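I have a new structure open today and want to get my bearings. These are my notes on what I looked up, in the order I went.

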2 protein chains.
Amino acid sequence: MENKVKVARVSYDLTQQELAERVGVTRQTISLIEKGRYNPTLKLCLEICYAVNKTLDEVFWQERKE
Amino acid sequence: MENKVKVARVSYDLTQQELAERVGVTRQTISLIEKGRYNPTLKLCLEICYAVNKTLDEVFWQERKE
DNA sequence: GCATTATGTAACTTATATGTTACATTGATA
DNA sequence: TATCAATGTAACATATAAGTTACATAATGC
């Protein structure tokens, strides 16, 4: 699950810990999502978007790969 | 978890069963997502978007509610 | 009426997202 | 060099997304 969470987070000058607190998960969860090792739930994706002022498409969209 | 899956699906003239087969889940999962009783994973959201030719924002975006 | 299709949902199981605790590594900085 | 902050990750526990089976209802067509 590749995504732009890390870019969005860093552009907001937030640490993983800070982002985690704002969206209500642990630092480990943010780390795993940024590393593409987790398939986050929609609710968490939305919380991350709200925290970095971006939309789902901007942070999580990816074209279908055959 | 409100969303526009049902509208998008019906506009494509797909039954829950057909959409479920295209995205690789069961009919029950589609039903529960449409009813807002499930918090789907990002991967499933993307699959649904691909199936109905829409983006995440079009089908799953919602403004933060305080 | 009787079948058939589409949908809602309940009980139970399985897979996995997420939490908890803990330890290691890297980079900056005093 | 020695902290310390930020990050990666591993083992295990918990919550819940998703599957399986099954049954019910509404709508449609025979």
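Predicted model: local features only at pLDDT ≥ 70, side-chain atom pairs only at ≥ 80, totals over all residues.

**Around the DNA strands**

I started with the surface near DNA strand D and sorted it by class: four nonpolar, eleven polar and three charged residues. For that sorting, Ala, Val, Leu, Ile, Met, Phe, Trp, Tyr, Cys and Pro count as nonpolar, Asp, Glu, Lys and Arg as charged, and the others, Gly among them, as polar.

Residues are numbered from 1 along each chain as its sequence is written, while chains are lettered from A and ligands numbered from 1 in the order in which they are written.

Next I asked which residues are the closest to DNA strand D. (Near means that the C-beta atom, placed from the backbone, lies within 6 Å of the strand.) Two or more residues each come from α2 (16-23) and α3 of chain A and from α3 of chain B. The largest share is that of α3(A), with four residues. (Helices are DSSP runs of H or I with at least four residues, numbered from the N terminus.)

Then I turned to DNA strand C. The classes come out as four nonpolar, eleven polar and three charged.

**Where the chains meet**

I counted 16 residues of chain B in contact with 16 residues of chain A. (Contact means C-beta atoms, placed from the backbone, within 7 Å.) On the chain B side, α4 (42-52) and α5 (56-60) each give two or more residues, and α4(B) has the largest share with five. By class, that side has nine nonpolar, four polar and three charged residues.

Why do the copies meet through the same surface? Because 100% of the interface residues of chain B are also interface residues in chain A.

**Symmetry**

I laid chain B on chain A: a turn of 180° and a shift of 0.0 Å along the axis give an RMSD of 0.0 Å. The two copies are therefore related as by a two-fold rotation axis. (The superposition is by least squares on C-alpha atoms of residues with pLDDT of at least 70 in both.) In chain B, the C-alpha of B:T41 comes closest to the axis, at 2.0 Å.

Conventions. Contact = placed C-beta atoms within 7 Å.
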